[in-house]
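This briefing is for a reader new to the structure shown here. Look over the sequence and the model first, then read on.

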Amino acid sequence: MKLREIYSDKKSRPVISFEVFPPNSDNGNLLDEIKVLKKYNPEFVSLTYGAGGKGGKSFELLQQIKALGLNVMPHFTCITSSKESIKSALIKIEQAGVENVLALRGDIPDFEINRNFDFSYANELVKFIKERTNLSIGVAGYPEGHIESPDLYTDIKNLKKKVDAGADVIFTQLFFDNKKYFDYVNILRDEGINLPVIPGIMPIISEKQITKMTSMAKITVPDIVKEKIEQYKNNSKSLQAFGIDYATQQCLELLEKGACGLHFFTLNKSHSTSKILDNIKGEEWKI
Ligand code: FAD
């Protein structure tokens, strides 16, 4: 099913999706984790490209996840890709039965900074995909603004270019303060952007993970999260348990106030995401 149908369908339960990345080692462990997550009936598994793992292995992994009976939404980054390579990859995934993609610019690698690229921004990739395929297209949104953007408003103007080019759904960067998400959705609506905005949830697993994420992106870390990270810096089990409770509260409030889906950045582990879903699931989920 295409993204625009998935999120427009009146469902008795929220749309759940899981993001994973191609591991550096063989795919076996990740596939085991995905098998655990499968019981939560995800609408799709989203598969990153080039982030946190090796992009080249993506297609093999995509097929392995599909063989588990799950839909896959591959990510495409365009900043270091040629139009030709994107074109042939699009043909390949459509032939493999893929219906949805997440279209991204990607981060510009330091060593490539002066090169001329076929694509400069994600809106160009969205247009390119839209003109050549029947794929439904997701794009990234940043409730606190993208790290390169001078302010949130400028970033939203740029998001509008992706929407106008044919995006169907917006998947957000992770956030720990729900107010940032709700304010963001309100501004988007004021700016005439009416697409579904799917909140990205990343359970806190370790201090290292939070430090890395917050150094790469504009993400406010609330005082309570900072305190617990400090308190449990030598106790990873307690920090993980806090992360599950914290994300559970986040998800409950997001759903209560109208989010139509939850997109989990699983970090290739099923434990925290499963616990969160166990905490929030309703009778109608049939898990
Ligand atoms: P863009 O939308 O192109 O925006 C990049 C910057 O340029 C922003 O500051 C924007 O305001 C500005 N901008 C955009 N368009 C224009 C324009 N036309 N003119 C001038 N300025 C413009 N990275 C990966 O490498 N692989 C992944 O699989 C991956 N998955 C992700 C999944 C999600 C849900 C999210 C939120 C992010 C993901 N990322 C991934 C990270 C993403 O690639 C980076 O954040 C990247 O720096 C920006 O990508 P983008 O598609 O948002 O870029």
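Which residues of strand 8 lie on one side, which on the other, and are they buried or exposed? G261, H263 and F265 lie on one side, L262 and F264 lie on the other, and all are buried. Keep in mind that this is a predicted model.

- Strand 8 spans residues 261-265, and five of its five residues are buried.
- Both faces of strand 8 are therefore covered, as buried means under 20% relative accessible area.
- Strand 1, residues 15-20, pairs with strand 8 in the parallel sense. Five bridges join strand 1 and strand 8.
- F18 stands opposite F264 in strand 8. F264 is one of the buried residues named above.
- Strand 7, residues 197-201, also pairs with strand 8 in the parallel sense. Here there are two bridges.
- G200 stands opposite H263 in strand 8.

**The ligand and its shell**

- How many residues surround the ligand? There are 26, and the closest are Y49, D107, Y142, D155 and K162.
- The side chain of D107 has an N or O atom 2.5 Å from an oxygen atom of the ligand.
- D155 places a polar side-chain atom 2.6 Å from a ligand oxygen.
- Y142 has a polar side-chain atom 2.7 Å from an oxygen atom of the ligand.
- Taken alone, the ligand exposes 970 Å². The protein buries 88% of that area.
- Several elements each supply at least two residues of the shell. They are strand 3 (72-77), strand 4 (100-104), helix 5 (122-132), helix 6 (152-165) and strand 6 (169-174).
- Which element gives the largest share of the shell? Helix 6 does, with four residues.
- By class, the shell holds 10 nonpolar, 10 polar and six charged residues.

**Aromatic pairs**

- The structure holds seven aromatic pairs.
- F175 and Y181 form one that is stacked.
- F175 is buried at 1% relative accessible area. Y181 is buried too, at 4%.
- F242 and Y246 form a tilted pair. The centre-to-centre distance is 5.7 Å, with 40 degrees between the planes.
- Why are F242 and Y246 about one helical turn apart? Because they are four residues apart in helix 10, which covers residues 236-256.
- Both F242 and Y246 are buried.
- Y7, F44 and F171 are linked by ring pairs into a cluster.

**Asparagines in loops**

- N41 has a positive phi of about 50 degrees, although it is not a glycine.
- N41 sits in the loop between helix 2 (28-38) and strand 2 (44-47).
- Is N41 buried or partly exposed? N41 counts as partly exposed, because its relative accessibility is 37%, and the range for that class runs between 20% and 50%.
- N268 has a positive phi as well, of about 70 degrees, and it is not a glycine.
- N268 lies in the loop between strand 8 and helix 11 (271-280).
- N268 is buried, with a relative accessible area of 9%.
- N27 is in the loop between strand 1 and helix 2. Its relative accessible area is 5%, so N27 is buried.
- The side chains of N27 and Q64 are joined by a polar contact of 2.7 Å.

**A residue in helix 3**

- L61 is found in helix 3, residues 58-67.
- L61 has 0% relative accessibility, so it counts as buried.
- How many residues separate L61 and I224 in sequence? They are 163 residues apart. In space, the C-alpha to C-alpha distance is 38 Å.

How values were computed:
Residues are numbered from 1 along each chain as its sequence is written. This is a predicted model: local features need pLDDT of at least 70, side-chain atom pairs count only at pLDDT 80 or more; totals for chains, interfaces and linings use all residues. Side-chain values use heavy atoms; hydrogens and water are left out. A residue is near a molecule or strand if one of its heavy atoms lies within 4 Å of it. A polar contact is a pair of N or O atoms within 3.5 Å; within protein, one must be able to donate a hydrogen and the other to accept it, and residues adjacent in sequence count only if both atoms are side-chain atoms. Accessible areas come from the Shrake-Rupley method with a 1.4 Å probe; for residues, only the protein chains shown count as cover. Ala, Val, Leu, Ile, Met, Phe, Trp, Tyr, Cys and Pro count as nonpolar, Asp, Glu, Lys and Arg as charged, and the others, Gly among them, as polar. Buried means under 20% relative accessible area, exposed over 50%, partly exposed in between (1.4 Å probe, protein chains only). Two strands pair if DSSP finds at least two bridges between them. Rings of Phe, Tyr and Trp (its six-membered ring) pair if their centres lie within 6.5 Å; planes under 30 degrees apart count as stacked, over 60 as edge-to-face and the rest as tilted.
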